Amino acid sequence: MGKIKSLPRQVVDKIAAGEVIERPASAVKELMENSIDAGASSIDVYFTDGGREKILVIDDGEGMTPEDMEMAIQSHTTSKLVEINDLWRLSSLGFRGEALASIVSIARVSILSRTHHSATGMRLRVEGGEVQELEAAGAPPGTSVEVRDLFFNTPARRKFLHDHNRESGFILQQIIPLALAHPHLKIRAVHNNKQLLRTSGRGEVLNAWGDIFDHSGREHFVTLEPVEKNYVTMEGFLGLPPLARSTGRGIYLFVNGRPFYNRQLIQAVLRGYEEMLPPGRYPQALIFLRLNPIHLDINVHPTKREVSFSQLPALAQNLTELIAQTLPRQGGPLPSQNTAPSRSSRVQEDPGGQDLFTPTLEKQEAPEEKTRSESSYSPLHQIFQVHQAYLLVETAGGLYIIDQHAAHERILYNRLAGEMPGQEKKQSRKNLLTPLPFNLDPTQEQEKEKIKDYLTRLNFQVEDFGPRDLLLRAVPLSLGPYLQERAGEVVRDLIELFTEEQREKDFLALKKKALQTMACHRAVKFGGELSSEERKRLVEDLFATEPNSTCPHGRPVFKKFSWSELEKMFNR
Ligand code: ADP
Ligand code: MG
């Protein structure tokens, strides 16, 4: 007998399951997609312990007959695909017929289902792929799938799961785009008996967005009216600067109603915002594409998250242009009265730049310890600004070309770092005139206590304000007036950073990033016009700080050409 044998079926299934179901969040996504395909109008998702212990998805869709239930859990069985050609035309979410088979092979599953025609429901119990029982059971029309002990028989995979907060964060990251893609559905997510999210199903994408995040944020979107180019219709909603965040998480892409991820298109969105947001700031945007599925390959990724397009570069280019055209012009009037102007428009509206740069005020609150001067920069020398981005400065030592944004960031960072306390010393705070309420998004809400603690350690004063809200009472004095005015934005960024960086372990590293975030926030936008007073202040401050040739993000702050280098350059 040869040495090569076929793997037993159950082993094959387990291997395949690993590809489809990476973590609890993937199971939630597959189950919800099935509910959507079954025509549900409401979907409730309950999970405990980050989905490791239990996931329960209940829908009011068309349900399954007992025969269908038994078929459904077999590999490569689906009601959604008739011929291979249909793969290209399919508009439903599922079609590979692997999800249920995968889930039942690596968990203890109980499926309860009843069609609208039948008087009673059926329950099917499956464990590790083995059917345990199929019995009549009372049930409302629709289907509920309960998944317990995911990965119980694949311990290696179970070991790789993160703590329950992180896993439930992943779950929400699957639920949110589906809820946005289907605003007509009532979707509810409950973790450990705590409701994290609920959409009303009133239709309208921004309603769903508001239900999930914040209804008052809705006024900061402009509508991207549908435009068709090269057979792709593009439309959506573009968030204005007040909604900007420190990560790209708020950018959602949909194609033919399906959430997806594509790096090039995310980049295309960011390029469309280039004029409006400074480096390090990301918009919130909901982009819906519609096209003939013939130009799509959705199945390339086992979890269907990645979609590849034919003619991607052209599509990306069109999207960038459309976004740039739709966003209010830099410095021009903004569509919403309540919209704070972007940094760049602020500079143009206010040539003195007092608000932005506040040289005198900042000087007061940050006592200068200007002792060293790396260069013998003399205030008599002129400072030229070129390309609205670089400063040319002559010193005794040579010619400096300074990146104004990077320089400002470096100065602010050093200042904040010098003044922002760790927990050790109590530092002065400034009370806000009106305390600022802000709401946590569903992912953050679960970590409210930790977030409060973290903000307190950064010298903010926050307290509880309703189940999903915090109240900001005071900010660190060292933020300076410009950032104090924008305390809401800053705090939101800091929280996002916290959830992103996954936390507690290293407060110092986190603090460093928090300082970068704040410094970047406050730094002059690359491309802003500076008054001569501002230029002077920037150069003086730069040379007064420990001259550091990189900004907190590691980009160069300046290039220096010594006189001898210049002479050499010109063969003198
Ligand atoms: P696929 O969704 O790719 O068809 P699945 O393994 O996810 O494969 O599901 C197999 C089949 O089970 C589906 O085609 C569908 O007919 C049926 N099914 C699964 N979930 C539900 C549900 N919630 N309601 C009704 N039918 C369902
Ligand atoms: Mg499916």
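Start with strand 4 (residues 121-127) and strand 5 (residues 130-137): they pair antiparallel over seven bridges. Strands here are DSSP runs of E, at least two residues, and helices are runs of H or I, at least four residues, both numbered from the N terminus; two strands pair if DSSP finds at least two bridges between them. Select Val-126 and you'll find Val-131 of strand 5 opposite. Two residues sit between the strands of this hairpin, where Gly-128 takes a positive phi near 50°.

A word on what you're looking at: this is a predicted model, where local features need pLDDT of at least 70 and side-chain atom pairs pLDDT 80 or more, while totals for chains, interfaces and linings use all residues. Residues count from 1 along each chain as written, chains are lettered from A and ligands numbered from 1 in written order, and side-chain values use heavy atoms, without hydrogens or water.

Next, salt bridges (a side-chain nitrogen of Lys or Arg within 4 Å of a carboxyl oxygen of Asp or Glu); the structure holds 21. Pick Asp-493 and Arg-281, whose closest N and O atoms are 2.2 Å apart. Asp-493 lies in helix 18 (residues 487-501) and Arg-281 in the loop between helix 9 (263-272) and strand 13 (285-291), so the pair ties together parts 212 residues apart in sequence. Both are buried, meaning under 20% relative accessible area, with a 1.4 Å probe and protein chains only.

Last stop: select Lys-448, Glu-449, Lys-452 and Asp-464, which are linked in a network of salt bridges.

Terms used:
Buried means under 20% relative accessible area, exposed over 50%, partly exposed in between (1.4 Å probe, protein chains only).
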